[in-house]
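Colleague: I would like to learn how to read helix packing and domain contacts in a model like this one. Could you take me through it feature by feature?

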Amino acid sequence: MIRLAVMTSGGDAPGMNAALRAVVRMARGTGYDIIGIPHGFSGLIAGECRPLGSRDVGGILGLGGTVLGTTRCLALKTTAGLQAAVASLKKHNINGLIVIGGNGSQAGAYALSRLGVPVIGIASTIDNDLSGTDISIGVTSALDVAVEAIDRLRVTAASLRRVFLVEVMGNHSGYLALMAGLASGAEAIMLPEVKFGPEALMHHLHRLYDQGRSHAIVVVAEGAAYNADQIHQFFTSHPGLASFETRVTKLGHVQRGGTPGVFDRLLATRLGAAAIEHITLGRWGNLIGCVNGEIATTELKHVNATEKRLSPEMLNLANALAC
Ligand code: F6P
């Protein structure tokens, strides 16, 4: 009997549990044995394992976070860590490993595959910075949280005629900031991918002020060249130039909490099921993602070697409408 192991790894994302549920139920339904590895690669290196049956994943589809737990595992970047992980898989007689996670997790999966371990990755990160997939598990739920918060901030910004600098997550990617800014009608969006500093922002906002704008929302990607605090500092240190009083709100980990929305539940279910289908076909070493609305597989080698870029269409749209 084929014996599989599944883990959730790296930053948690709303929808991870839905993917886990689909993996376990499809595996069991296909006649495979399956165990869960608690706490990601750290749990694997420590030799942890938890048998999983269909009943064990009942009622988790709509839960945020991950019932298996997760970690960011630096040890896997070491030879000793990799060897310990391979030894644990052998000790538990595992024939293949499924890794639900983002860039760092898929890099770990790829490193194990280079040591001969059959692995399959499932695209899961709110950053949406994984190449090989248009969208990852957790992105739309995180965006819903961010846009709901930005809409609230706009109310108080209008009341006191202020500029709110709203910092969103995304690591080195500006995807969350770009899409949250577009969806909330932000007057400016600060991205790692676009050279646009606090002085240029100040002049942009001054133009809006001259046009009668009473307040503004500026969405700032946490990986932008100038973060929200630095922009705020620039504005407060140039009171004569700044047309508006500024305030900073950092959404932070709020974007990762909460329950997965419908899109993420369906995406995660599809990707989890597809992982088992590809294992049945013997197609290891790939990331399971979604391209043009269809299930897509991309070699982990390519995923880890390719930087995902923002959509030029969405960048142009943001430029045209941020006024
Ligand atoms: O990768 C997802 C993410 O939320 C990033 O957007 C963010 O920079 C990072 O994780 C935060 O990491 P941690 O949860 O370890 O603080």
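Modeller: In this predicted model, helix H1 passes helix H9 in a right-handed crossing. The two helices, H1 covering residues 16–29 and H9 covering residues 262–280, pack at an angle of about 35°, and their axes are 7 Å apart.

Colleague: Which residues of H1 and H9 make the contact?

Modeller: On the H1 side the contact is made by Ala18, Ala19, Ala22, Val23, Met26 and Ala27, while H9 brings Arg265, Ala268, Thr269, Gly272, Ala273, Ile276 and Glu277. Sorted by class, the contact of H1 with H9 has nine nonpolar, two polar and two charged residues.

Colleague: At what angle do the axes of helix H7 and helix H8 cross?

Modeller: The axes of H7 (residues 198–210) and H8 (residues 228–236) cross at roughly 65° and come within 10 Å, and H7 passes H8 in a right-handed crossing. Here Pro198, Glu199, Leu201, Met202 and Leu205 of H7 meet Ile231, Phe234 and Phe235 of H8, a set that divides into seven nonpolar residues, no polar residue and one charged residue.

Colleague: Turning to the domains, what does the domain assignment of the chain give?

Modeller: The assignment gives domain 1, made of 3–138 + 260–305, and domain 2, made of 140–257. The C-alpha centres of domain 1 and domain 2 lie 34 Å apart, and the contact takes 14 residues from domain 1 and twelve residues from domain 2.

Colleague: How should I read the area buried between domain 1 and domain 2?

Modeller: The size of an interface is often given as the accessible area lost when the parts come together. In this case the area buried between domain 1 and domain 2 is about 1100 Å², and carbon and sulfur atoms give 50% of that area. Of the area that domain 1 buries against domain 2, Asp12, Ile126 and Asp127 supply 45%, which is more than any other three residues.

Colleague: How many salt bridges are there between domain 1 and domain 2?

Modeller: The count between the two domains is one salt bridge. Asp12, already named for its part in the buried area, forms a salt bridge with Arg256, and the closest N and O atoms of that pair are 2.8 Å apart.

How values were computed: Residues are numbered from 1 along each chain as its sequence is written. This is a predicted model: local features need pLDDT of at least 70, side-chain atom pairs count only at pLDDT 80 or more; totals for chains, interfaces and linings use all residues. Side-chain values use heavy atoms; hydrogens and water are left out. Axes are lines fitted to C-alpha atoms, for helices over the stretch in contact, and angles run from 0 to 180 degrees between N-to-C directions. Helices (H or I, at least four residues) and strands (E, at least two) are DSSP runs, numbered from the N terminus. A crossing is left-handed if the near helix is turned anticlockwise from the far one by less than a right angle, and right-handed if clockwise. Contact means heavy atoms within 4.5 Å. Ala, Val, Leu, Ile, Met, Phe, Trp, Tyr, Cys and Pro count as nonpolar, Asp, Glu, Lys and Arg as charged, and the others, Gly among them, as polar. Domain bounds come from an automatic or database domain assignment. Buried area is the accessible area (1.4 Å probe) that two parts lose on being put together, summed over both. A salt bridge is a side-chain nitrogen of Lys or Arg within 4 Å of a carboxyl oxygen of Asp or Glu.
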